[in-house]
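Here are my notes on the model, for your next pass through it. Please read them with the viewer open.

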Amino acid sequence: MRNTIESLQNSPVIAVIRRPPQDKMLDIAEALLAGGVKHMEITMEKPESADLIQQVKEEFGDRALVGAGTVLDEPSAVRAIHTGADFIFSPNLNCDVVRAAKRYGVTSIPGVMTPTEVVSAYEAGADVVKIFPAATLGPGYLKELKGPLPHIPMIPTGGVNASNIQEFIDNGAVAVGVGGSLMDKQAIEEGNLEKLTQNAKTLFSGLR
Ligand code: 3PG
């Protein structure tokens, strides 16, 4: 657990890989790694999602932490954990999902918005909370939350890009989750995966 948080402190980005084409998964992961990404979340929205996590772990597990995202229920959490997921990320708080992660010693990152939800998630055993939807709430909202809750690590996610990443970090984020700014769907369809490497470099260039 500590390792995941330490790793995020050193490289504060989790790439959100949503519905990747199965046959391009390893190339997508390699392109992101080339751009400096060290944490990847593969969303659990397809029957093959857990297999993809396993493949990326096997191929790149020595260079990146690989977790499961959009984990909405306990069976999905357990499936992902059994394939080797390093962390369990969700858009919402489901205590069964948090408990499953804790049961197996995997980092738990449920999604929350309000102060009450942040504290409920932490009390339920979350190691970190995902603040969602981050850009809609704004970096200032994170700063306000961290005022009374400085001890709870937070990962704002949703609408984070090169222009606002530093402000989220300055306002107390341990890391950020980033989907759209990295994962150019058209480039992926066209097999232009260098675009993902460029996007990652652009994102990291937003960090001082
Ligand atoms: C997601 O669940 O897809 C994340 O919130 C990523 O959001 P983004 O695409 O706006 O970065």
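1. First, the ligand shell. A residue counts as near a molecule or strand if its C-beta atom, placed from the backbone, lies within 6 Å of it. The ligand is surrounded by 13 residues. The closest are Val 16, Thr 157, Gly 158, Gly 179 and Gly 180. By class, five of the shell residues are nonpolar, seven polar and one charged. Nonpolar here covers Ala, Val, Leu, Ile, Met, Phe, Trp, Tyr, Cys and Pro; charged covers Asp, Glu, Lys and Arg; the others, Gly among them, are polar.

2. Confidence. The model is predicted: local features need pLDDT of at least 70 and side-chain atom pairs count only at pLDDT 80 or more, while totals for chains, interfaces and linings use all residues. Residues are numbered from 1 along each chain as its sequence is written. The chain has a mean pLDDT (the predictor's confidence in each residue, from 0 to 100) of 97. In the chain, 99% of residues reach 70 or more. The model's scores are ipTM 0.91 and pTM 0.96.

3. Overall form. The chain holds eleven helices and nine strands. These are DSSP runs, numbered from the N terminus: helices are H or I with at least four residues, strands E with at least two. The C-alpha trace spans about 45 × 35 × 25 Å along its principal axes.

4. Strand β3. Buried means 20 or more other C-beta atoms within 10 Å of a residue's own; exposed means 12 or fewer, and partly exposed lies in between, with C-beta atoms placed from the backbone. Five of the five residues of β3 (65-69) are buried, so this strand is largely enclosed by the rest of the structure. Leu 65, Gly 67 and Gly 69 cover one side, Val 66 and Ala 68 the other.

5. Its partner. β2 (39-43) pairs with β3 in the parallel sense over five bridges. Pairing requires at least two DSSP bridges between two strands. Thr 43 has Gly 69 as its bridge partner in β3. With helix α3 (49-60), β2 and β3 make a right-handed β-α-β unit. Right-handed means that, with the strands pointing away from the viewer, the path from the first strand over the helix to the second runs clockwise.

6. A separate item: the open sheet of three strands. Its order is β6-β7-β8, with parallel pairing. β6 (111-112) and β8 (154-156) stand at the edges with a single partner strand each, so one side of each has no neighbour in the sheet. Three bridges join β7 (129-131) to β8. Ile 131 stands opposite Pro 156 in β8.
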